[in-house]
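Q: Please take a close look at one aromatic cluster in this chain. Then place it in its wider setting.

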Amino acid sequence: MSNWTGAQKRIYILAILLFIAILAYLSSVRSKKIEIIESKAENDLIRISISMPKFNYLNDSKFQEELNNSIENKVKSFVEETRKIAQQDKEEGVQLPYEANVTTEIHYQDEDFVSLIIFYYQFTGGAHGLTSVETYNLDIKNSKLLALSDILSRDAQEIVKKEILSQIESQSDFFFPEAKDYISNDDIFVRNFLIDSTGVTFLYNHYEIAPYSTGMPMFSISWDKLKQHVIYPQIKNKYK
């Protein structure tokens, strides 16, 4: 390097600085991924399989800790509930073990929002187990857990139901005959939902409006159809 010209030295230094900047950026991107905590256990009562999210990059550390603790406590309660059922049934001579499975699916994530779903599957005998879900939609920069009422005005209810009913009508053989009445009387603002760059997806549980063979019904509605009802500024400005 002692024989290099001044220009060559400057280019070399700039290259090193650029390399460091790229490494810092890649490290930042990696650190902003949601950590998935996995564990398994089994005994004569219960088989447990857990895959749950842990946030480690939110700006508000107190909110982050409370959110992580809330998720962890719900998972523990679910497993303990299944264990108690297994213990009671064992005393009655029922064949064991039962199952408690928790899985996490990251539906969407970008620099501003993350949307994920946690599936709680419990098998306590019978033809198949039961699955319940819980969704989480976060404004990352503001460390805020979003309710649907944060995102849409109450008058969005009509357009959402209209779109869901239209989707059911197009494949009515997969739903219960009373599904339309159920949707008409439903309150979408207490329903599990997911968001992404294209719109909002509403979830219904097994047997709620369709047989088990249909799976868990999900209905996606685009931001374009909802744009008159979007009230959350960060979403209104981002997903036009």
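A: Tyr108, Phe113, Trp223 and Tyr239 make up one aromatic cluster. The model is a predicted one. Seven aromatic pairs are counted. One of them joins Phe113 to Tyr239, with 6.1 Å between the ring centres. The planes of Phe113 and Tyr239 stand 45 degrees apart, so the pair is tilted, falling between the 30 and 60 degree cut-offs.

Where do the two partners sit? Phe113 lies in strand 4, residues 113-123. Tyr239 belongs to the segment after helix 7, and that helix covers 233-238.

Are Phe113 and Tyr239 buried or exposed? Phe113 has 1% relative accessibility, so it counts as buried. Tyr239 has 10% and is therefore buried too, since the cut-off is under 20%.

Now the wider setting. The chain has 240 residues, and 39% of them count as buried. Seven helices and nine strands are found in it. Take the contacts with a separation of 6 or more: 57% of these link residues 24 or more positions apart. The accessible surface of the chain is about 14,000 Å². Carbon and sulfur atoms hold 52% of that surface.

Other rings meet charges. The charged end of Arg154 sits over the ring of Phe189, 4.2 Å from the ring centre. Arg191 lies over the face of Tyr204, with 3.7 Å to the ring centre.

Next, the open space. A probe the size of a water molecule, rolled over the atoms, shows where empty space is left. The second largest pocket holds about 170 Å³ of space. Its lining has 14 residues. Thr135, Leu145, Leu146, Ala147 and Phe193 are the ones nearest the centre of this pocket. Which strand gives the most to the lining? Strand 5, residues 130-139, does so, with four residues.

Last, a residue in a loop. Ser213 is located between strand 8 (199-203) and strand 9 (218-222). Its relative accessibility is 72%, so Ser213 counts as exposed. The C-alpha atom of Ser213 is 9.8 Å from that of Phe175. Along the chain, Ser213 and Phe175 are 38 residues apart.

Back to the cluster. Phe113 and Tyr239 are two members of a set that also includes Tyr108 and Trp223. Phe113 is buried at 1% relative accessibility, and Tyr239 is buried at 10%.

Methods
Residues numbered from 1 in each chain as written. Predicted model: local features only at pLDDT ≥ 70, side-chain atom pairs only at ≥ 80, totals over all residues. Heavy atoms only, no water. Helix = DSSP H or I, 4+ residues; strand = E, 2+ residues; numbered from the N terminus. Buried < 20%, exposed > 50% of the residue type's maximum accessible area, 1.4 Å probe, protein only. Contact = heavy atoms within 4.5 Å. Areas by Shrake-Rupley, 256 points an atom, 1.4 Å probe, with all protein chains shown as cover. Phe/Tyr/Trp six-rings, centres within 6.5 Å; stacked < 30°, edge-to-face > 60°. Lys NZ or Arg CZ within 6 Å of the ring centre and 35° of its normal. 1 Å grid on protein atoms, 1.4 Å probe; cavity = no way out; pocket = protein on both sides within 12 Å on 5 of 7 lines; lining within 4 Å. Points joined across faces, edges and corners; volume = space filled by probe spheres on them.
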